[in-house]
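Let's take a walk through a protein chain together. Keep the sequence and the picture side by side as you read.

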Amino acid sequence: MQQKILLIGGPGTGKTSVLNELISRDFFCFPEVSREVTLKAQEQGIDQLFLTKPLLFSEMLLEGREQQYLDAEKSDAELIFFDRGIPDVHAYLDFFSTEYPTTFLEKSKKYRYDKVFHFSPWKEIHLTDNERYESFEETVEIDSFLTKTYTDLGYHIINVPIASIKKRTDFIINSLSCDL
């Protein structure tokens, strides 16, 4: 039976680095959708789509994450990893106090993940770049919205220890091997 494994946490907490390590170990993984959406908007002359049109950006994210979920269901892979999930979309909108349609929450309830691994804010590895502009302080605050959102949806959150990429990846795989 397929397990959908989710990596959550604020920006710059190491999710993508661990996802890349999982990919190098031949696991089936879906990357973060927001970078792709941000880059497409920048090609159209919109520097930060989320800041200028947060609902449009979020609708595009929701669509992309829903498509990833549906694509995962078509796969034969037993373990599928996602860099962020559908509930992240409305967690961010809540952080920015932006109203959104009920479909956001409905999709979060419809498309469920089997395990949620949380990456806590870690100042020593936090960096900003062209697509990640949040300060470390904002990351901490966003993280609290993410954990609240997932907890409110009934998920048990597994905290990934602050350690090297290899040790974090091993922790996740070892946690899952107990359940296989």
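Which residue does Ile 8 stand opposite in S4? Ile 8 stands opposite His 118 there. To follow along, note that this is a predicted model, in which local features need pLDDT of at least 70 and side-chain atom pairs count only at pLDDT 80 or more, while totals for chains, interfaces and linings use all residues. Residues are numbered from 1 along each chain as its sequence is written, and side-chain values use heavy atoms, with hydrogens and water left out.

Let's start with the overall layout. The protein chain has 8 helices and 5 strands; here helices (H or I, at least four residues) and strands (E, at least two) are DSSP runs, numbered from the N terminus.

Let's zoom in on S1 (residues 3-8). Its pairing with S3 (residues 79-83) is parallel and uses 5 bridges, and in S3 the bridge partner of Leu 6 is Phe 82. Phe 82 also has Phe 30 standing opposite, and 3 bridges join S2 to S3. With S4 (residues 115-119), S1 pairs in the parallel sense over 4 bridges.

Which way do the side chains go? In a regular strand they alternate between the two faces of the sheet. In S1, Gln 3, Ile 5 and Leu 7 point one way, while Lys 4, Leu 6 and Ile 8 point the other way, and all are buried. Buried means under 20% relative accessible area, exposed over 50%, and partly exposed in between (1.4 Å probe, protein chains only).

Leaving aside its neighbours within four places in sequence, Leu 6 is in contact (heavy atoms within 4.5 Å) with residues including Phe 82, Tyr 113, Val 116 and Tyr 150. Leu 6 is also among the residues with the most contacts inside the largest nonpolar core, which has 23 residues. Such a core is a set of buried Ala, Val, Leu, Ile, Met, Phe, Trp, Tyr and Cys residues joined through side-chain atoms within 4.5 Å. The elements that give two or more residues to this core are S1, H4 (54-73), S3 and H5 (86-95), and the largest share, 5 residues, comes from H4. Apart from this core lies another, of 14 residues, among them Cys 29, Phe 119, Ile 158 and Ile 172.

Finally, look at helix H2 (residues 34-43). Its buried residues are Ser 34, Val 37, Thr 38, Ala 41 and Gln 42. Seen down the axis of H2, they fall within an arc of 135°, so they line one face of the helix; the arc is that of the directions from the helix axis to the C-beta atoms.

Notes
Two strands pair if DSSP finds at least two bridges between them.
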